[in-house]
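Thanks for asking me to look this model over. My notes follow as numbered points, starting with the aromatic rings.

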Amino acid sequence: MAQPKRVLIPMSSHDDMGISGIKTGSWFEEVATPYYEFLDAGFQVVFASPKGGRAPIDALSMQAPFTTANTDRFLDDPVGMRAISHTAPLQRLDGEVFDALFFPGGYGLLWDLASDSQVIRLIERFVAQEKPVAMVCHAPGILRDAKAPNGASLVKGHRVTGFTNAEDDELDLSRHLLFSLEDELRAKGADYVRSDANWSANVVESGPLLTGQNPASAPPLAKALTRRLTHAAWDDASSDAATTAVSGVA
C-alpha cells in the first residue's frame, strides 16, 4: 500500500510588525483552507515554525470580512487548533521526508521565515529536485534570497505572484513592512504576474513553484498542489516549463 503524501506547512513565529505596535502572524484562511484540502485528499500534514510551539494567527484575519467557513471550522476543531499551538521546531525536522511545502502568508513571515537560512535552503533543495513548493500572499517573499544551483536568483525567469504593493496600500501597512515583496521579486528577475483587480484570486505555476497572490488565492492554490501531488496535472512533458496563470478561481 502506497504511503500517503506528506505536506509540511511552515508558519511564522513572529507576531508584531517591528516598532509599529501592530500585531500579526499567519493569515488564518491561508492556514485553514489548505489544511482541510490536504486532509480531504488523504495527505499527512505537519505544521512547523522557527521557534516551535504556538504559531500566532493575525487577529485581523480572524474578523469579518476575512473569515470563512473553513476558519470557523478550524476554530471548532480541537485537532487543528492543537496542531498550530504545538508546531514542530523547524530545525528538528528532516525536510527531505516531505513531498511538498505549503507556505501560508501573513506579515509575520517577513520578519522570520524570509531570512531563515534553513527554510531558504529547504526551498532551494525542493526546487532543484522538482518537488512542489506552494506559497501564498506574502510567503513568496521568502524567495527573495533563494538561489538556483548556478548561483543566480531562484526566481529569475520564473513567473510568480504574491501580495501586491497596491493590496498592502489598501490596508495602509506598506510603511510598516521590512520590504516590498513585489519590488523584491521583480528586482530578482522574476516575471511577476498580478490579477486585474486587487483581492482577486490569482495562481501562477512555474515548474515546481506554485504561487498565489492573496487570501482568495489560497483555495485554488491548495487545489493546484493537490493535483500536483496526485499527478493529475503534472507529467514529464510539462515539467520542463509549466507556466499557467489562473485568475478569479473560487
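1. The whole structure of this predicted model holds 10 aromatic pairs. Rings of Phe, Tyr and Trp (its six-membered ring) pair if their centres lie within 6.5 Å; planes under 30 degrees apart count as stacked, over 60 as edge-to-face and the rest as tilted. One of the pairs is Trp27 with Phe66: the ring centres are 5.1 Å apart and the planes stand at 80°, so this pair is edge-to-face.

2. Where do Trp27 and Phe66 lie? Trp27 is in the loop between strand 1 (6-10) and helix 1, and Phe66 in the loop between strand 2 (44-49) and helix 2 (69-75), so the pair ties together parts 39 residues apart in sequence. Helices (H or I, at least four residues) and strands (E, at least two) are DSSP runs, numbered from the N terminus.

3. Phe66 also pairs with Trp199: the ring centres are 6.4 Å apart and the planes are at 45°, so this pair is tilted. Trp199 belongs to the loop between strand 7 (191-192) and strand 8 (202-206), so its pair with Phe66 ties together parts that are 133 residues apart in sequence.

4. Buried means under 20% relative accessible area, exposed over 50%, and partly exposed in between (1.4 Å probe, protein chains only).

5. Ring pairs also link Phe28, Tyr35, Tyr36, Phe47 and Phe74 into a cluster. The charged end of Arg73 sits over the Tyr36 ring, 3.6 Å from its centre (NZ of Lys or CZ of Arg within 6 Å of the ring centre and within 35 degrees of the ring normal). Arg144 lies over the face of Phe179, 4.1 Å from the ring centre.

6. Do have a look at Thr33 too, in helix 1 (residues 28-40). Thr33 is buried, with 9% relative accessibility. Leaving aside neighbours within four places in sequence, Thr33 is in contact (heavy atoms within 4.5 Å) with Thr68, Asn70 and Pro219.

7. On reading the model: residues are numbered from 1 along each chain as its sequence is written. Local features need pLDDT of at least 70, side-chain atom pairs count only at pLDDT 80 or more, totals for chains, interfaces and linings use all residues, and side-chain values use heavy atoms, with hydrogens and water left out.
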